[in-house]
Number of protein chains: 2
Amino acid sequence: MPTPQAIPDLKTLKEIYQSQQSYTRKTPLIPSEELGARVQGKVFVKAESLQKTGAFKFRGALYRLLQLTEQEKLRGVVAYSSGNFARGLAAAGEILGIEVHLVMPADAPKNKIDNARAHGAEVKLCYESTPSREEAAAAQAIKLSQQHGYSLLHPFDDAILIRGQSAVAMEASEQLQQMGETCHFLLCPTGGGSLVAGSSMVFNAAHYPDTQVLAIEPSGYEGMTLSIEEGQRARAYGKTASSCDALQALSPGEANLAIIQNSEVAGLAVDEAFVNEGIRFAAYNMKLVLEPSGAIGIGALLQHPEKFRGKTSVIIASGGNIDIEKYARIIQR
Amino acid sequence: MPTPQAIPDLKTLKEIYQSQQSYTRKTPLIPSEELGARVQGKVFVKAESLQKTGAFKFRGALYRLLQLTEQEKLRGVVAYSSGNFARGLAAAGEILGIEVHLVMPADAPKNKIDNARAHGAEVKLCYESTPSREEAAAAQAIKLSQQHGYSLLHPFDDAILIRGQSAVAMEASEQLQQMGETCHFLLCPTGGGSLVAGSSMVFNAAHYPDTQVLAIEPSGYEGMTLSIEEGQRARAYGKTASSCDALQALSPGEANLAIIQNSEVAGLAVDEAFVNEGIRFAAYNMKLVLEPSGAIGIGALLQHPEKFRGKTSVIIASGGNIDIEKYARIIQR
């Protein structure tokens with residue numbers, strides 16, 4: 001576990017944010033009067049679905065690449081991912097002129113593979129599925145890294161990446177300040193935990209004593225919540241049906257959990273039905289296309305309104321990358 | 001026709017914008033690398049779908065109410081509209097504490113009627129349809145205005161309202177300046193013409209000699225284009241099927257056309273198929289829910305890419321208020 005000194009101070013976090021600003025989009029912090037009315041409070045949605053590549057992961061991936069040594073930049077990087085990290089990393093590599101190699105499961109959605117290739121990434125498909133698709137792909141990425149000297153990047157369990165992801169919360173905190181608003185609850189969609197860990201650095205009790213950071217997880221995938229409760233890395237049961245494809249890590253990353261344990265983050269689970277409600281709410285009332293993992297924060301507020309009553313809540317809508325056919329089916333009902 | 005002096009200078013336009021700022025949202029000006037690639041140029045989308053009430057009309061309605069005398073504010077206002085102006089006016093009246101009466105056709109979409117009522121507007125349904133639904137509703141609004149002393153507001157043909165709508169372009173021009181970007185084409189969805197008239201005040205040849213303002217109209221409803229060509233108010237044929245319910249005025253407003261004739265605005269028509277392409281593009285690539293009238297500018301670029309080749313284009317995505325079932329059907333195909 002890192003010592004408390006490992007949590008950067010606000011000045012450092014601001015510098016991290018500023019180092020990305022010429023590449024990233026400033027996403028709007030949108031007040032939702034309708035959500036506010038549900039909880040007789042105030043609600044703001046940080047629309048990271050409008051970030052370049054359609055998800056917050058671009059920020060962390062970009063920052064991770066910026067922190068490579070010149071030597072490492074020349075050699076390129078390799079990662080395994082089928083999701084938003086792959087897309088963010090491919091786009092960041094394209095912008096910075098760094099070679100990106102991706103190992104993706106052969107059954108990953110075709111549009112995600114095409115997207116990574118469109119950004120110039122070299123995609124290798126992994127047909128192995130033992131012991132699991134993810135572990136087989138990870139093994140292949142490690143092998144490539146050893147063979148070619150590529151830097152091996154982890155999609156969430158990486159202290160530098162987490163610092164990069166803190167930019168979402170830093171940007172939101174500046175926007176809140178400009179609006180003269182406070183923040184009692186910060187709702188972070190949580191899989192491996194890089195977003196909630198990065199956010200908890202900014203909205204740390206030392207900096208924002210009035211803010212409770214919440215790790216929002218799909219029911220059945222509460223690896224972070226269990227780990228916080230047990231004080232050590234725990235494993236969720238999984239196996240529940242969940243459309244939140246970006247939030248299905250069963251255990252949080254080690255680096256992520258260590259940071260979380262230095263903050264006062266709490267967990268909150270959301271049922272599938274409310275994730276879908278969140279997607280519909282965002283489409284109908286906010287005109288935002290959100291993927292399930294991006295809508296889970298809105299779902300949390302709709303499922304547990306009493307928790308947020310009379311308070312000011314900031315929901316990170318982390319991404320909008322969803323198959324459009326699937327999306328149409330969800331909003332139609 | 002107003003004298004050229006009737007076009008406010010940039011300082012006045014900036015003050016108009018600033019007078020609204022505490023009530024309106026600053027909507028993002030989003031770069032679209034994908035659209036840029038289609039025209040080998042740069043493209044930015046001004047997402048007014050994220051404005052309060054889901055459309056730019058809120059800005060003009062709010063400004064119109066702010067310009068009433070204290071006496072008029074006390075007496076309240078009346079308007080006929082079934083669309084975004086009704087919703088914007090109702091919300092603005094609620095915020096400013098001004099009574100809003102609306103005459104809406106009895107067959108207007110239920111969600112639009114409910115929405116206006118939810119903002120505290122007094123909605124009267126009009127069952128007449130002679131000579132046309134719109135004219136019958138207008139006649140009823142005039143009668144209410146005479147009986148009760150309400151100020152009668154026109155949904156688009158009103159010089160003060162037009163000045164209010166100029167805020168969209170003023171905000172975009174500030175954002176472009178901050179980004180160090182220029183603007184060769186400004187694409188404005190056009191029905192009665194309040195948005196394009198207001199925008200042409202800001203991006204006037206005197207202020208922005210490099211900008212061509214374009215009135216984008218659905219094929220079959222090119223009332224503004226015909227009027228510009230003929231040098232006087234002309235009437236489009238209509239009767240073509242179009243999903244752009246906010247852009248079906250057959251003739252531009254008089255005040256609107258007078259302003260347009262003092263600028264060098266050109267018209268451009270978009271076919272229904274490309275409006276739908278625009279909606280799908282916005283959902284898939286930009287994570288924005290747009291209504292047909294809000295997506296027509298993207299459709300224009302997709303239908304006529306050669307026109308925008310190598311240039312910097314700014315597309316106003318004017319609104320996102322669409323029936324969700326209908327929306328799902330459009331994006332699915």
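First, the ground rules. Residues are numbered from 1 along each chain as its sequence is written, while chains are lettered from A and ligands numbered from 1 in the order in which they are written. Since the model is predicted, local features need pLDDT of at least 70 and side-chain atom pairs count only at pLDDT 80 or more, whereas totals for chains, interfaces and linings use all residues.

Let's start with confidence. The term pLDDT is the predictor's confidence in each residue, from 0 to 100. Chain A averages 94, and 98% of its residues score at least 70. For the complex, the predictor gives an ipTM of 0.93 and a pTM of 0.95. Where is pLDDT under 50 in chain A? Look at residues 1-5 of chain A, which have four contacts beyond four places in sequence in the model. By contact I mean that the C-beta atoms of two residues, placed from the backbone, lie within 7 Å. Where pLDDT is low, the predicted coordinates should not be read in detail.

Now the domains. Their bounds come from an automatic or database domain assignment. In chain A, domain 1 covers 4-55 + 159-332 and domain 2 covers 58-153. Taken over C-alpha atoms, the centres of domain 1 and domain 2 of chain A are separated by 24 Å. Where they touch, 22 residues of domain 1 of chain A are in contact with 15 residues of domain 2 of chain A. Which helix supplies the largest share of the domain 1 side? That is helix 8 of chain A, with seven residues. By class, this side of domain 1 of chain A has eight nonpolar, ten polar and four charged residues. Here Ala, Val, Leu, Ile, Met, Phe, Trp, Tyr, Cys and Pro count as nonpolar, Asp, Glu, Lys and Arg as charged, and the others, Gly among them, as polar.

Next, please find the strands. Helices (H or I, at least four residues) and strands (E, at least two) are DSSP runs, numbered from the N terminus, and two strands pair if DSSP finds at least two bridges between them. Strand 10 of chain A, residues 312-317, pairs in the parallel sense with strand 2 (residues 42-47) of chain A over six bridges. In that pairing, A:S313 of strand 10 stands opposite A:V43. Strand 10 of chain A also pairs in the parallel sense with strand 7 (residues 185-189) of chain A, over three bridges.

Follow A:L186 from here. Its bridge partner in strand 10 of chain A is A:V314, and in strand 8 of chain A it is A:V213. Strands 7 and 8 of chain A run parallel, joined by five bridges. Five bridges also join strand 8 of chain A to strand 9 (residues 266-270) of chain A, again running parallel.

Finally, the two chains. Their contact takes 16 residues from chain A and 16 residues from chain B. Helix 14 of chain A gives the most to the chain A side, with five residues. That side has ten nonpolar, four polar and two charged residues.
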